[in-house]
Amino acid sequence: MATSPAPGEGPVRPVSVSLHEGTIAALKARTGKRGMSAYVEALIQRQLERDRLRELIEDAEAEHGPVDQSAVDDKRAILRGNAAGSADAA
């Protein structure tokens with residue numbers, strides 16, 4: 001049984017999507033006419049990654065309960081280089 005290619009893999013195919021005129025104008029201004037497909041492809045891949053991450057978080061929370069927000073804040077401070085006052089900084 002053949003599996004579908006992962007996002008970003010496989011041959012490129014044209015598809016038709018409907019967008020508001022203002023969205024198209026902003027897209028063209030940012031990418032030029034020839035960069036639109038690559039830009040939209042990257043946006044869709046990023047959204048798919050975010051959707052999957054959200055699903056993984058929901059699965060983990062269903063199994064282990066919600067995260068401790070203060071622990072998240074402490075880890076975020078470490079990642080941002082602002083570990084002062086964090087017990088996990090060492």
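At 43% relative accessibility, Arg52 counts as partly exposed. Here buried means under 20% relative accessible area, exposed means over 50%, and partly exposed lies in between, with a 1.4 Å probe and protein chains only. Glu55 is also partly exposed, at 39%.

This is a predicted model: local features need pLDDT of at least 70, side-chain atom pairs count only at pLDDT 80 or more, and totals for chains, interfaces and linings use all residues. Residues are numbered from 1 along each chain as its sequence is written, and side-chain values use heavy atoms, with hydrogens and water left out.

**Salt bridges**

Side chains of opposite charge can pair when their charged atoms come close. A salt bridge is a side-chain nitrogen of Lys or Arg within 4 Å of a carboxyl oxygen of Asp or Glu. By this rule the count comes to 2 salt bridges. Arg52 and Glu55 form one of them. Both residues lie in helix α2, 3 residues apart, about one turn of the helix. Helices are DSSP runs (H or I, at least four residues), numbered from the N terminus.

Asp73 and Arg76 are also joined by a salt bridge. They sit in helix α3 (residues 69-79), again 3 residues apart, about one turn of the helix. Asp73 is partly exposed, with a relative accessible area of 37%. Arg76 is partly exposed too, at 37%.

| Salt bridge | N to O distance |
|---|---|
| Arg52 and Glu55 | 3.5 Å |
| Asp73 and Arg76 | 3.8 Å |

**The largest pocket**

The largest pocket has a volume of about 850 Å³. Of the 22 residues that line this pocket, the closest to its centre are Arg13, Val15, Ser37, Glu41 and Ile44. The search runs on a 1 Å grid over the protein atoms alone; a pocket is an open set of points where a 1.4 Å probe fits, with protein on both sides within 12 Å along at least five of seven lines, and lining residues have an atom within 4 Å of a point. Grid points are joined across faces, edges and corners, and the volume is the space filled by probe spheres set on the points.

Helix α2 (residues 36-64) gives the largest share of the lining, 7 residues. By class, the lining has 14 nonpolar, 5 polar and 3 charged residues. Ala, Val, Leu, Ile, Met, Phe, Trp, Tyr, Cys and Pro count as nonpolar, Asp, Glu, Lys and Arg as charged, and the others, Gly among them, as polar.

Ser37 is found in helix α2. Ser37 counts as exposed, at 60% relative accessibility.

**A nonpolar surface patch**

Tyr39, Val40, Leu43, Ile44 and Leu48 form a nonpolar patch on the surface. Together they have about 390 Å² of accessible area. Such a patch takes residues with over 30% relative accessible area and no salt bridge, and joins nonpolar side chains (Val, Leu, Ile, Met, Phe, Trp, Tyr) within 5 Å. Areas come from the Shrake-Rupley method with a 1.4 Å probe; for residues, only the protein chains shown count as cover. Leu48 lies in helix α2. Leu48 is partly exposed, at 42%.

**Other positions**

Ile57 is found in helix α2. Its relative accessible area is 30%, so Ile57 is partly exposed. Ile57 and Val67 are 10 residues apart in sequence and 9.4 Å apart in space, C-alpha to C-alpha.

Pro11 lies in the segment before α1 (21-31). Pro11 counts as exposed, at 73% relative accessibility. The C-alpha atoms of Pro11 and Glu61 are separated by 37 Å, with the residues 50 apart along the chain.

Conventions. Helices (H or I, at least four residues) and strands (E, at least two) are DSSP runs, numbered from the N terminus. Patches are made of residues with over 30% relative accessible area and no salt bridge: like charges are joined within 9 Å, nonpolar side chains (Val, Leu, Ile, Met, Phe, Trp, Tyr) within 5 Å.
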